[in-house]
Amino acid sequence: MARESLTYQCPACGGPLHFDAQTGVPTCDYCDSTFTVEQVEAYYAEKQAKADAAAMADASAKMPSNPAGAHVADAGQQPSSGADGRDRVRQAQHAGAYVQTQVIGGDAIAAYLQSKKPLEEGDANAACVVCSSCGAALIVSGSTAVSQCPYCGNNTVVPGTLGNTLEPDLVIPFETTKEQAVEALKEHYKGKFLLPKAFKAENHIEEIQGVYVPFWLFDAKAEGSQTFRCENHRYWSDSDYDYVETTKYSCYRRGSTRFARIPADGSKRMPDDMMDSIEPFDFSKLKPFSMGYLPGFLAERYDADVKYCAPRAQLRALNTLGSRLESTVTGYDTVLPDNRVDGDVSYTNVSYALFPVWMLHTKWSGGDYLFAMNGQTGRMVGDLPCDNKKMALTGLLTFLGTAVLGVLLTFLIV
Amino acid sequence: MSKVSFKPRALKASALATASLLLAFMMAVPVAFAAPEAAFADEADPTAQADPVLNAGDYAPFVIDEVGLLAEGYYQDFEARCETMSQNTGVGVYLALVDSIGDEEVRDYAIDYYQSNDLGMGDQRDGILFLISVNSRKYVTVTYGAGRDVFTDYRIDQMEEEIVSDLREDRFVKGCDDYVTLAEETVDYYLANGEGMSRDNDPVAQKQDRGIGFAISAVAAVAIAGGVCFGLRKQLKTVEVACSASNYELPEAFDLTDSNDKFEGVFISKTPKPKSDSDSGGGGGFGGSSGGNF
């Protein structure tokens with residue numbers, strides 16, 4: 001495969017392309033021309049094929065003739081092998097159908113990994129840069145410059161390699177703009193009584209960046225059982241005593257349920273609770289992956305593989321099964337689980353997707369603060385610092401006011 | 001990076017407000033504990049005596065020592081004091097020390113003792129009897145007629161609590177002295193206020209209630225202040241782990257395959273109801289305590 005680097009440039013004027021979140025299509029920064037993702041991909045597939053052919057011709061001219069014809073055979077096979085397979089996947093997913101992974105020996109995860117092809121540099125105009133401070137590995141399209149690591153705020157990034165990074169199956173494109181993200185962050189600060197005023201002023205809000213975060217999506221079936229301790233109560237009195245009658249039961253339930261696309265983020269650097277907090281994403285907007293969605297944004301290379309992330313999906317599935325089983329225990333005054341759900345989760349399908357997140361990392365008063373906004377729905381999360389002196393003063397004044405009121409009431413009543 | 005700065009005026013105002021509230025709180029506490037006793041001081045002449053229609057001496061002896069525990073000096077002292085109280089109120093104040101009563105209920109024994117020995121003053125046989133069965137180690141207080149007005153059940157509970165602690169350690173003379181002394185205080189209160197002591201007019205109980213009120217105020221203030229701070233701080237936290245995958249559950253995918261509810265048993269618990277004061281005043285019937293062992 002040719003290593004000549006191509007950038008996503010406008011087919012009309014040659015200017016840089018960026019993916020516009022509002023229109024949902026690649027747009028030229030210079031001439032405002034818009035294209036569909038498929039048009040851009042087709043244009044660059046043709047250019048790539050021409051570049052490959054030119055590179056092959058150049059290599060043949062420099063080398064002696066090969067009676068085996070192996071290079072000819074390779075040149076004939078290369079354009080069709082990986083590209084055809086991925087095209088079939090994209091077509092099927094674009095049609096809304098699941099691409100079911102063949103289950104070998106019941107292990108959908110292993111089957112999925114066997115069927116996937118790694119992303120190659122130059123293959124889809126992908127490049128990798130690595131943060132020199134925290135080691136975050138970011139995939140960028142050729143025209144995107146990385147000014148700051150979105151995780152630690154470091155300004156120095158160095159070229160890296162894609163290694164065995166798998167090509168994503170799906171992507172949810174950005175639907176919110178940077179301006180909307182900045183406004184959402186300002187709104188996030190409002191009404192927080194204990195937020196230090198200096199924090200708002202010193203926060204480099206304009207450095208918010210759009211990042212595609214890697215996620216593993218699991219289709220699963222959870223099956224299991226749970227026992228509950230249940231009680232009914234009856235009360236009555238006579239002249240001497242108050243009585244309580246407690247009737248006790250042990251209730252056993254067994255059942256199963258199925259899930260589609262339980263997400264687990266594939267980044268060890270991204271806090272799991274933060275990604276949980278910006279859920280849910282609207283999966284009806286999932287698209288087959290294309291590098292055409294990346295210009296102007298970063299995409300993090302996953303460092304938590306599918307086997308590492310599967311237990312998180314498993315835990316959520318079993319917890320949901322437990323809630324469903326408990327909901328079937330009715331007719332009692334109190335219902336308490338006697339044990340954890342005793343069950344198992346089997347995976348029927350796995351896919352790798354990129355989800356849009358606007359991120360800002362900031363340091364303040366010795367602490368690190370990370371803010372994330374769902375790039376599709378606009379939901380903003382991020383823990384804020386607390387002005388401890390203000391909190392202590394508020395607590396003290398509330399205590400004294402309440403205590404004085406209590407003393408006055410005591411005088412009135414007693 | 002600039003440090004957080006406070007406006008000096010705002011800080012001063014906050015400090016002044018805090019100091020004022022603290023001062024008000026500290027001043028309220030001693031006032032609360034000082035007031036009640038003074039309120040009753042001038043209401044009635046404490047030296048006033050009941051109309052001396054009855055001669056207490058006709059109803060002596062007021063101290064009956066069947067086991068010979070009391071030395072002569074103590075006996076005379078207790079007898080004189082009980083006679084004085086009886087004379088002042090028209091209610092006989094009796095103390096009896098008896099031997100063993102076997103398995104008999106001590107209250108039944110005391111009522112029978114009161115009646116068979118014609119205790120009590122006047123036609124109504126008004127009086128109070130504190131009976132100690134030394135060898136059976138039992139005690140009880142019974143009241144009759146106007147004795148129930150002067151010595152309310154509420155007051156008797158207080159008296160017995162102090163007396164029985166001495167009896168448990170075989171300090172019988174001290175226990176008898178406690179009875180007579182506490183009876184004198186009760187009589188003084190009755191003559192000064194015109195009514196027996198109850199929870200509503202007991203200055204000690206009022207002090208305790210106010211103390212409880214202050215303690216509840218302090219705990220409530222801590223809880224409310226903590227709640228306010230917790231709520232304000234919670235505003236700053238928006239990140240939490242998702243424990244459930246209910247958003248990703250397929251519609252109508254849940255299938256209950258087995259269920260079994262097993263009955264394990266019935267359990268009944270009972271709590272005795274607190275008894276109320278029976279100091280309704282006047283009327284027939286015996287009041288007092290149910291007694292006990294020491």
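A residue counts as buried if 20 or more other C-beta atoms lie within 10 Å of its own, as exposed if 12 or fewer do, and as partly exposed in between, with C-beta atoms placed from the backbone. With 12 C-beta neighbours inside 10 Å, B:D170 is therefore exposed. This is a predicted model, in which local features need pLDDT of at least 70, side-chain atom pairs count only at pLDDT 80 or more, and totals for chains, interfaces and linings use all residues. Residues are numbered from 1 along each chain as its sequence is written, while chains are lettered from A and ligands numbered from 1 in the order in which they are written.

**Chain A**

Chain A has eight helices and 14 strands; helices (H or I, at least four residues) and strands (E, at least two) are DSSP runs, numbered from the N terminus. Of the 414 residues in chain A, 36% are buried. Among contacts in chain A with a separation of 6 or more, 73% are between residues 24 or more positions apart; two residues are in contact if their C-beta atoms, placed from the backbone, lie within 7 Å.

Strand 12 (residues 342–364) of chain A pairs with strand 6, strand 7 and strand 13 of chain A. Two strands pair if DSSP finds at least two bridges between them. With strand 6 (residues 170–171) of chain A the sense is parallel, over two bridges, and A:L170 has A:A353 as its bridge partner in strand 12. Strand 7 (residues 209–237) of chain A pairs with strand 12 in the antiparallel sense over 17 bridges; here A:G224 is opposite A:G343. Strand 13 (residues 367–374) of chain A is also antiparallel to strand 12, over eight bridges, with A:W358 opposite A:M373. The hairpin of strand 12 and strand 13 of chain A has two residues between the strands, and A:S365 takes a positive phi near 50° there.

**Helix packing in chain B**

Helix 6 (residues 172–193) of chain B packs with helix 2 (residues 72–89) of chain B, their axes coming within 10 Å and crossing at roughly 20°. Axes are lines fitted to C-alpha atoms, for helices over the stretch in contact, and angles run from 0 to 180 degrees between N-to-C directions. Helix 2 of chain B is therefore roughly parallel to helix 6 of chain B; angles under 35 degrees count as roughly parallel, over 145 as roughly antiparallel, 65 to 115 as roughly perpendicular and the rest as oblique. The crossing of helix 2 and helix 6 of chain B is left-handed, meaning that the near helix is turned anticlockwise from the far one by less than a right angle, whereas clockwise is right-handed. Contact residues include B:F78 and B:M85 of helix 2 of chain B and B:V180 and B:V187 of helix 6 of chain B. By class, this contact of helix 2 with helix 6 of chain B has 11 nonpolar, two polar and two charged residues. Ala, Val, Leu, Ile, Met, Phe, Trp, Tyr, Cys and Pro count as nonpolar, Asp, Glu, Lys and Arg as charged, and the others, Gly among them, as polar.

Helix 5 of chain B packs with helix 6 of chain B at an angle of about 160°, the axes being 8 Å apart, so helix 5 of chain B is roughly antiparallel to helix 6 of chain B. This crossing of helix 5 and helix 6 of chain B is right-handed. Among the residues in contact are B:M159 and B:I163 of helix 5 of chain B and B:Y179 and B:L182 of helix 6 of chain B. The contact of helix 5 with helix 6 of chain B divides into six nonpolar, two polar and five charged residues.

**Backbone exceptions**

Most residues other than glycine have a negative phi, and most peptide bonds are trans.

| Residue | Angle | Loop |
|---|---|---|
| A:P280, cis bond with A:E279 | omega about 5° | helix 6 (272–277) to strand 9 (287–288) of chain A |
| B:P61, cis bond with B:A60 | omega about 0° | helix 1 (8–39) to strand 1 (63–65) of chain B |

B:R125 is partly exposed because it has 19 C-beta neighbours inside 10 Å.

**Contact between the chains**

The contact takes 68 residues from chain A and 66 residues from chain B. Helix 1, helix 7 (203–234) and strand 5 (255–272) of chain B each supply at least two residues of the side of chain B that touches chain A. Strand 5 of chain B gives the largest share of that side, 18 residues. The side of chain B that touches chain A has 36 nonpolar, 17 polar and 13 charged residues. Strand 5 of chain B is joined by 16 bridges to strand 8 (residues 241–265) of chain A, and the two run antiparallel. In this pairing, A:T247 stands opposite B:V266.
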